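Dear colleague,

Please find below the structure that I am handing over to you. My notes on helix packing and aromatic rings follow it.

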Amino acid sequence: MNKKLMIIAGEASGDLHGAALIKKLKNIDSSLEILGIGGDRMIDAGMIALFHIKKMAFLGLVEVIKHIPFIKQVQKKLINTVVEEKIKIIILIDYPGFNLDIAKKFKKLGRKIIYYISPQIWAWGKRRIKKIKKYVDRMIVVFPFEEKLYNENGINAVYVGHPLIEHIENYNFITKNELYEKFNLTKGKEILLLLPGSRKHEIKKIFPETIKAASLLADNFNLQIVVACADNINENIFYNLSNNKNYKIIKGHTYDLLKYSYFGIIKSGTSTLEAGFFQLPFIVVYATNFLTYLIGRLVVQIDSIAMVNILLEEKVIEELIQSEMNSENIYEKSFEILSDKKKYNELKDKLMMLKSKLGNSGASEKAAKIIYSILNEAQ
């Protein structure tokens with residue numbers, strides 16, 4: 001039996017989910033050999049890295065065009081590895097721009113493609129559903145509405161719940177006092193948390209406007225600013241983007257920060273789900289290259305970009321996107337919540353409903369069992 005698998009993740013959240021999946025697969029069968037693309041977490045869990053996600057952190061049409069020679073090089077290496085190592089099963093984790101393209105190439109080789117953490121096809125519409133139907137053998141999805149949508153379109157999909165639940169349940173929290181002492185935070189001041197993303201080009205767009213607004217909010221509401229820095233980002237990027245140095249940068253304690261902060265200004269993505277889980281009142285910010293944004297507006301079919309709003313089917317969280325994402329608007333929308341205790345508490349109450357939308361714990365184990373059974377069938 002060939003016990004080799006390939007797993008491809010392309011960003012920080014994929015690395016987190018991929019690592020949990022690898023651990024569960026190794027629990028089922030410790031002799032499995034897993035190769036692919038991931039970050040430090042997936043490598044620590046036992047993956048042999050062909051490329052690190054640090055090199056894959058590009059997003060949007062313009063950024064992708066600039067990286068075409070590198071993308072071709074990565075694809076060639078992955079395809080050669082699959083052929084040489086006789087790998088029969090490839091697991092793709094989110095990262096649709098790259099993963100759906102490489103899925104087409106693997107399919108031509110007759111490989112089985114499993115997709116874990118679905119692309120947001122309900123946002124991108126039929127174009128991606130057609131691609132998935134063509135190239136993907138099994139979808140393992142994390143939201144119940146995704147299973148229904150795929151099955152209605154003739155795609156084999158199974159819902160396992162969201163791995164976020166188990167990540168949080170298994171996380172070893174420190175106390176609020178320990179957090180304050182460890183990072184020399186000011187006692188008696190609540191935290192204004194900034195989560196500006198895990199890609200350099202996003203941070204360059206988002207952080208300068210965010211820190212301007214945050215400085216004013218911190219002064220007005222007696223808050224201290226903390227920037228949660230992704231593992232793959234060098235802290236110096238923040239200091240280079242702003243003259244204001246009146247904030248702390250903290251790595252590796254995002255869940256502690258989400259749990260103990262008073263308010264958040266958070267880049268659209270997985271972090272918005274995490275913030276919602278902890279019932280942290282926040283606003284969503286996002287900006288990218290203008291051409292990328294323009295093309296996105298033409299094809300995206302939903303009004304909200306924040307998963308919290310999509311899951312709760314209501315605009316609970318304020319979203320500031322592209323030109324609307326400026327320091328004045330960030331300040332104004334945050335001020336409206338922070339200056340009105342009733343509004344602040346209502347927001348916390350609405351976020352409480354999110355947990356029920358994320359299912360129960362055990363997504364990674366369920367996904368691993370499905371993958372292992374498919375591996376056995378492929379022999």
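In this predicted model, the axes of helix H4 (residues 68-84) and helix H5 (residues 96-108) come within 11 Å and cross at roughly 40°. Axes here are lines fitted to C-alpha atoms, for helices over the stretch in contact, and angles run from 0 to 180 degrees between N-to-C directions. Helices (H or I, at least four residues) and strands (E, at least two) are DSSP runs, numbered from the N terminus. H4 and H5 are therefore oblique to each other; angles under 35 degrees count as roughly parallel, over 145 as roughly antiparallel, 65 to 115 as roughly perpendicular and the rest as oblique. On the H4 side, Ile71, Val74, Gln75, Leu78, Ile79 and Val82 meet Phe98, Asp101, Ile102, Lys105 and Phe106 of H5, where contact means heavy atoms within 4.5 Å. The residues of this contact of H4 with H5 comprise eight nonpolar, one polar and two charged (Ala, Val, Leu, Ile, Met, Phe, Trp, Tyr, Cys and Pro count as nonpolar, Asp, Glu, Lys and Arg as charged, and the others, Gly among them, as polar).

As to the conventions, residues are numbered from 1 along each chain as its sequence is written, and side-chain values use heavy atoms, with hydrogens and water left out. Because the model is predicted, local features need pLDDT of at least 70 and side-chain atom pairs count only at pLDDT 80 or more, while totals for chains, interfaces and linings use all residues.

The contact of H11 with H17 divides into eight nonpolar, four polar and two charged residues.

Turning to the aromatic rings, the whole structure holds 14 aromatic pairs (rings of Phe, Tyr and Trp, its six-membered ring, pair if their centres lie within 6.5 Å; planes under 30 degrees apart count as stacked, over 60 as edge-to-face and the rest as tilted). Tyr255 and Phe278 form a tilted pair, because their ring centres are 5.9 Å apart and their planes at 50°. Tyr255 lies in helix H13 (residues 254-260) and Phe278 in the loop between helix H14 (270-277) and strand S12 (282-286), 23 residues apart. Tyr255 is buried, at 8% relative accessible area (buried means under 20%, exposed over 50%, partly exposed in between, with a 1.4 Å probe and protein chains only). Phe278 is also buried, at 15%. Ring pairs link Tyr171, Phe173, Tyr255, Phe277 and Phe278 into a cluster.

Yours sincerely
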